[in-house]
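My entries follow the model.

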Amino acid sequence: MNQIVVNADLGQATISRHIYGHFAEHLGRCIYGGFWVGEDSSIPNTRGIRNDVVAALRAVGIPNLRWPGGCFADEYHWMDGIGPREQRPTMINTHWGGVTENNHFGTHEYLDLCEQLGCEPYICGNVGSGTVQEMQQWVEYLTFDGVSPMADLRRSNGREAPWNIRFWGVGNENWGCGGSMTAEHYANEYRRYQTYVRDFGDNRIYKIACGPRNDDYHWTEVLMRNARNMRGNFLMHAHALHYYTPDAPYRLQHRATEFGESEWINILRTATVMDELITKHSAIMDQYDPDKQVGLIVDEWGTWFAAEPGTNPRFLYQQNSLRDALVAALTLNIFNHHCQRVTMANIAQTVNVLQALILTEEGGDRMLLTPTYHVFEMYKVHHDATLLPLDLHCDDYTCDDEAMPSLSASASRDAEGNVNITLCHVNPHQDVEVRCEVRGMAPSGVRGRVLTADQMTSHNTFDAPDRVRPAELETAAIQGNQLTVTVPAKSVVVLQLQGA
Ligand code: AHR
């Protein structure tokens, strides 16, 4: 028996659109070849930025883009990335393949990209190998309107008006690639660095501390206790958890498109650990912050498999199958349910790296939308919508000695009064009948869309870019407030119940 009760009249919390955020690092072909081709490229571009990639991301309503890393952020010196491009110094991208970074994509290019995308910037500052002064000057360069050394430098580089910058990360993975710090040490560093991340004029910065890796609950505890001023007020607006599916070292044993049912269930189950992590980190946060002043951000999440054969293993280029789409759908449903604490999330990474939404052809001009892209497009209905509480009862899906609920769901009410339900069905063998009672609403109609494919491993290629893409779902019917729908095996579904 598979049953859902959606309480259409009980919603209170808002699902921030920033939960549907993205991440772009100077890593492999994410920036260079992914976003940036340069003004002289034959690939259609606007001031060096690919038009096709921008159009695709605008279509999913990209709300924010985290940059420049990742591990790269704690080696990045922003002044190397401003001024005439041919005069910018180079550096070695030691984390990601030891390649030479020419700094042609820097602060101005990134903020131009954000303007073209219509999204908010999210900049991660360098704590690991940078200085307090360097971070302080970057904020001044970006946001100060008056006469000052950094604002004048910005003007001399062609930008008169300051930018609005809300989201600011104070370091990345400072427990690892960002300086190998203990929680106690980082909390002290955080206090010092954030002091100089100033609000100039009307600009208000939302300060994001480096959060824990996976289940490092000690990190959360220490941060919640120590990242405060002497009056006990929090000095951060949020801190950022990172969790990948699967974790190292197992990721090298998994391939993105070559797997059987054991790896299917294993990866999907591993993705749902996100729920346990958020629940436990939130419980610690609740002890220190019952009013939920501090957000939990998940600014790196997604699948991490062995790199595609023939590519540089440090470029983290992987294909993206129907299984990745289900990982995205499960994870986004989890984030929706935790939207009172989870204020933002960023899938890693937008183009050509890890669980990418978009792949671009190396040495060619083609791009493709991955199955994960289509999930973000289908789930757009939840952006800034009101989360609706629901009860879900469903059968288990089992394989080998693993088991997990066969369905995951979340529901929200949009500004027009429609109720949108997203479902993820993980059983790869059989369709399932779902009955759904919509309490407190009498829908006037229902529209369904579905993402599925022949094989668990189905994916899009440059020669067959539409093998996995959404289609209309004709199996949903509504009578009064009772919805019935046949949900196909291994699928993601979005149902829109129109308000009366
Ligand atoms: O997304 C790839 C890398 O994963 C990031 O640079 C780092 O923060 C994390 O370990």
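I found Ser180 in the loop between strand E9 (167–170) and helix H5 (183–195). Helices (H or I, at least four residues) and strands (E, at least two) are DSSP runs, numbered from the N terminus. I noted that residues are numbered from 1 along each chain as its sequence is written. The model is predicted, so local features need pLDDT of at least 70, side-chain atom pairs count only at pLDDT 80 or more, and totals for chains, interfaces and linings use all residues.

I looked up phi for Ser180: it is positive, about 50 degrees, although the residue is not a glycine. Ser180 is exposed, at 59% relative accessibility. Exposed means over 50% relative accessible area, buried under 20%, partly exposed in between (1.4 Å probe, protein chains only).

Next I checked Asn214. Its phi is also positive, near 50 degrees, and Asn214 is not a glycine. Asn214 sits in the loop between strand E10 (206–213) and helix H6 (217–226). Is Asn214 buried or exposed? I read a relative accessible area of 9%, so Asn214 is buried.

Then I turned to cis peptide bonds. One runs from Ala248 to Pro249, with omega near 5 degrees. Another runs from Ala348 to Gln349, with omega near -10 degrees. I placed Gln349 in the loop between strand E13 (342–348) and strand E14 (358–360).

For Tyr244, I found a polar side-chain atom 2.7 Å from an oxygen atom of the ligand.

Note on methods:
Heavy atoms only, no water. Polar contact = N/O pair within 3.5 Å; in protein donor to acceptor, adjacent residues only side chain to side chain.
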